[in-house]
Structures are given as structure tokens and as C-alpha cells.
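Welcome! Let us take a friendly walk through this structure, one part at a time.

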Amino acid sequence: MKKIIILGLSVALLGGLAGCNSDSDDSNSSSSTSEKTTQTSKSQASNETNTNFKVSVEDAIKAYQEAYPDSDITSIDLETSFGSYLYKIEGVDDNKEYEVRVNADTKEVSKEREEELDMEDKEGVKRKEDKLDLENLLSIEKVSDIATKHVGAGKATDWSLDKDLGTTYWEVKVMDGQKETEVKVDAQSGDILESETDD
């Protein structure tokens with residue numbers, strides 16, 4: 001009789017322990033599920049278009065002009081590098097060309113390149129040809145909105161300010177899944193100049 005009671009108690013004790021262990025497994029699995037959900041929502045949030053950079057194009061231009069006050073800007077690119085956005089700004093004076101990078105979050109400036117122009121580009125030739133019109137420049141937010149509306153879906157991921165045939169324009173890369181569309185937008189008027197899609 002004692003053996004039956006001890007055996008019964010042992011079975012009850014083991015059952016209780018198994019139940020406790022199962023509860024802790026459940027709580028572990030529910031916490032890991034909530035961690036996965038949090039990670040998924042974070043990755044989804046990071047995939048959304050971010051055009052609210054702490055450093056505006058105007059701020060980046062000023063940072064360049066402080067570094068090289070007697071030169072003109074010939075191109076601006078805003079692109080990701082190791083998870084953070086950087087403005088890459090190129091400029092020129094009568095004899096040299098320059099490149100500066102400005103962190104779009106911290107405004108940290110680094111001078112990347114300073115070199116002599118080729119003979120045919122000196123004495124203001126390249127400066128006159130490539131100087132961008134920076135007056136009444138549309139913001140990154142505005143051109144992103146124009147480009148994504150033109151494409152119909154997707155998000156803007158890269159921006160370049162350049163010049164062709166006397167017109168300063170933004171080239172905006174819009175990603176929609178695997179489809180990539182480059183939209184050229186007049187930097188002052190917002191008119192669509194050109195659009196090209198790669199599937």
C-alpha cells in the first residue's frame with residue numbers, strides 16, 4: 001500500500017514538474033515570438049522611404065561652401081553607405097576639383113578629394129559648363145513625392161543633382177519590389193524630364 005501511495009505521489013510530482021516546465025517553454029516561445037514580431041516591424045519600418053534627413057540639401061551645400069568658398073558645385077549625390085546616408089558633393093574652381101562628404105544625420109564633413117583639373121578644363125571652362133543652378137532648389141521630400149507619384153508605387157532610395165543641356169535636375173531612383181525606375185525631375189519647376197525603368 002505504501003508503494004502505491006509513493007508511486008502515486010511520484011507520478012503527481014513528475015506531472016507537476018512537467019507542467020511547470022511546459023509553462024516556462026510557453027513563456028519562452030511567446031517571448032521569442034514577440035521578439036520576432038518586433039524585429040519584423042523594425043525591418044519593415046527601415047524599408048519605408050526616409051526623406052526626413054536631419055541635414056537638408058541646403059545644409060549640405062553650406063557645409064561644402066564653408067570648406068571651399070571660392071568654388072562652384074557641379075554635382076550632389078545622396079546615397080547610403082554602411083547603413084547611413086551621405087551627401088557626396090563635387091565642385092570646381094578655375095584650376096582644381098573637389099569632393100566633400102557630409103553625413104545626412106550628423107552633418108560631419110570630410111574632405112575626400114582635391115586635385116588639379118586637366119588643361120582643357122582649367123581657366124573656368126569646366127566651372128562654366130558644369131556649375132549647378134542652386135536657386136529655388138526643390139527639396140528631397142518634394143522631388144521624392146513627384147517621382148513616386150509619377151511611377152505610381154514604390155519608394156525613393158537615391159538622389160542625384162546634376163546638369164544637362166543647361167538644366168539642373170534631380171535624378172531620383174524609385175524602387176518598387178525588384179523594379180527600379182530612374183526619374184529625372186527639373187530641380188526648380190518639378191517637371192518630369194525623363195523616366196527609365198529597369199526590371
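**A walk through the fold**

Let us begin with strand 2: seven of its nine residues are buried, so this strand is largely enclosed by the rest of the structure. Keep in mind as you look around that the model is a predicted one.

The protein has four helices and eight strands. Starting at the N terminus, the elements follow the order α-α-β-β-β-β-α-α-β-β-β-β. Of the 199 residues in the protein, 32% count as buried. Among the contacts with a separation of 6 or more, 44% are between residues 24 or more positions apart.

The eight strands form an open sheet, in the order 4-3-2-1-5-6-7-8 and with antiparallel pairing. Strand 4 (109-116) and strand 8 are found at the edges; each has a single partner strand, so one side of each is left without a neighbour in the sheet. On average, neighbouring strands of this sheet are turned by 15° against each other, direction ignored.

Let us look at some of the pairings in turn. Strand 1 and strand 2 are joined by nine bridges in the antiparallel sense, and Thr 80 is placed opposite Tyr 85 in strand 2. These two strands form a hairpin with two residues between them, and Phe 82 in the turn has a positive phi of about 55°. Strand 2 also pairs with strand 3, again antiparallel, over seven bridges. Here Glu 90 has Glu 99 in strand 3 as its bridge partner, and a hairpin of three residues joins strand 2 to strand 3. Further along the sheet, strand 5 and strand 6 run antiparallel and are joined by nine bridges; Leu 161 stands opposite Trp 170 in strand 6.

Two helices lie across strands of this sheet. Helix 4 lies across strand 1, strand 5, strand 6, strand 7 and strand 8, at about 60° to strand 6.

Helix 4 deserves a longer look. With twelve residues (140-151), it reaches 16 Å from its first C-alpha to its last, close to the 16 Å expected at 1.5 Å a residue. Its buried residues are Ile 140, Val 143, Ser 144, Ile 146, Ala 147 and Thr 148. An α-helix has 3.6 residues a turn, so residues three or four places apart point the same way. The buried residues of helix 4 pack against several elements, including helix 2 (57-67), strand 5 (155-164) and strand 6 (167-176). Just after helix 4 comes Gly 152, with a positive phi of about 100°.

Finally, turn to the aromatic rings, which make five pairs. How are the rings of Tyr 68 and Tyr 98 arranged? Their centres are 4.1 Å apart and their planes are at 25°; planes under 30 degrees apart count as stacked, so this pair is stacked. The pair links distant parts of the chain, for Tyr 68 lies in the loop between helix 2 and strand 1, while Tyr 98 is in strand 3, 30 residues away. Tyr 68 counts as buried at 8% relative accessibility, and Tyr 98 is buried with a relative accessible area of 6%. The charged end of Lys 111 sits over the ring of Tyr 68, 4.9 Å from the ring centre. Elsewhere, Phe 53, Tyr 85 and Trp 159 form one aromatic cluster.

Key. Residues numbered from 1 in each chain as written. Predicted model: local features only at pLDDT ≥ 70, side-chain atom pairs only at ≥ 80, totals over all residues. Heavy atoms only, no water. Expected span 1.5 Å × (residues − 1). Buried < 20%, exposed > 50% of the residue type's maximum accessible area, 1.4 Å probe, protein only. Contact = heavy atoms within 4.5 Å. Pairing = 2+ DSSP bridges. Axes fitted to C-alpha atoms, helices over the stretch in contact; angles between N-to-C directions. Phe/Tyr/Trp six-rings, centres within 6.5 Å; stacked < 30°, edge-to-face > 60°. Lys NZ or Arg CZ within 6 Å of the ring centre and 35° of its normal.
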